[in-house]
Amino acid sequence: MGLRPKRPVDRRLLAALAEHPVMASIVGVAMAGRFASRSAPLGILASVPLGDLEATVAATVAARKIVFVNMDSTPGLGHDPGALTYLKGIGAIGICSTRAAIIERAGGLGLLTMQKVFVTDRSNLHRSVQSIGRSHPDLVQLMPAVMLRYIEREARDLGVPYLAAGFVQEEADVSEALQHGAAGVCTSDDTLWDLRRSALRAS
């Protein structure tokens with residue numbers, strides 16, 4: 001498969017993150033229902049059974065949310081081109097995965113993409129930077145968030161907006177991630193979903 005050219009970051013993502021630095025990590029159908037009524041415009045949907053996925057995606061779209069389906073954490077959903085075609089067919093806006101090949105294919109289909117990276121050491125991050133250079137995701141999710149303080153320079157070299165995830169539990173965690181160059185954070189802690197960047201500046 002040839003490399004697709006790097007595309008500019010979707011303006012909807014930039015506009016959302018400019019004021020709402022928290023992307024909701026949505027686990028299951030019930031949490032998706034709660035997310036629909038919150039002010040956070042961005043979310044990642046995981047652990048929704050395949051039989052419930054179409055209706056859940058439709059509900060987030062109706063609520064005017066931009067939601068990425070986590071393909072690695074959706075029971076019954078594969079990692080082949082057919083799975084991407086299915087997601088696009090049910091109205092999914094974006095996908096999230098650790099797999100660069102999936103990210104590249106999804107981008108070619110016009111889906112928004114977020115590549116998840118688990119940082120275990122600097123060499124692991126170096127390999128991930130190379131992978132991201134091939135797949136050109138719209139966003140990168142770096143885990144765990146606490147690693148950002150040690151790898152800020154390397155993270156900035158990604159050339160893609162990145163979000164910190166894992167153990168983001170309070171406003172101070174959000175502020176720290178932003179100070180280290182993150183465009184935002186991802187968290188399942190719904191007490192943070194309505195947090196605005198302007199409130200962080202004020203505090």
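User: Hi! How many aromatic pairs does the count come to here?
Analyst: The count comes to 1 aromatic pair, with ring centres within 6.5 Å as the rule. Bear in mind that this is a predicted model.

User: Which rings are in the pair, and how are they arranged?
Analyst: They belong to phenylalanine 35 and tryptophan 193. Their centres are 5.9 Å apart and their planes stand at 90°, so the pair is edge-to-face. The cut-off for that label is over 60 degrees.

User: And where do phenylalanine 35 and tryptophan 193 lie?
Analyst: Phenylalanine 35 is in helix α2 (residues 29–35), while tryptophan 193 is in the loop between β8 (184–187) and α9 (197–202). The pair therefore ties together parts that are 158 residues apart in sequence.

User: Are phenylalanine 35 and tryptophan 193 buried or exposed?
Analyst: Both phenylalanine 35 and tryptophan 193 are buried.

User: What sits over the ring of phenylalanine 35?
Analyst: That would be the charged end of lysine 65, which is 4.9 Å from the centre of the ring.

User: Let's switch to helix α8. Which residues are buried there?
Analyst: In α8 (residues 171–179), Val174, Ala177 and Leu178 are buried. They cover an arc of only 100° around the axis, so they are on the same side of α8.

User: Which residues other than glycine have a positive phi?
Analyst: Arginine 64 is one of them, with phi near 65°. Histidine 136 is another, with phi near 50°. For context, most residues other than glycine have a negative phi.

User: Where is arginine 64 found, and is it buried or exposed?
Analyst: Arginine 64 is in the loop between α3 (50–62) and β3 (66–70). Its relative accessible area is 77%, and the cut-off for exposed is over 50%, so arginine 64 is exposed.

User: What about histidine 136, buried or exposed?
Analyst: Histidine 136 has a relative accessible area of 14%, under the 20% cut-off, so it is buried. You'll find histidine 136 in the loop between α6 (122–135) and β6.

User: One last thing: which residues does the cis peptide bond join?
Analyst: It joins methionine 143 and proline 144, with omega at about -10°. Proline 144 lies in the loop between β6 (139–143) and α7 (148–156). Most peptide bonds are trans.

Definitions and conventions:
Residues are numbered from 1 along each chain as its sequence is written. This is a predicted model: local features need pLDDT of at least 70, side-chain atom pairs count only at pLDDT 80 or more; totals for chains, interfaces and linings use all residues. Side-chain values use heavy atoms; hydrogens and water are left out. Rings of Phe, Tyr and Trp (its six-membered ring) pair if their centres lie within 6.5 Å; planes under 30 degrees apart count as stacked, over 60 as edge-to-face and the rest as tilted. Helices (H or I, at least four residues) and strands (E, at least two) are DSSP runs, numbered from the N terminus. Buried means under 20% relative accessible area, exposed over 50%, partly exposed in between (1.4 Å probe, protein chains only). A charge sits over a ring if NZ of Lys or CZ of Arg is within 6 Å of the ring centre and within 35 degrees of the ring normal. The arc is that of the directions from the helix axis to the C-beta atoms.
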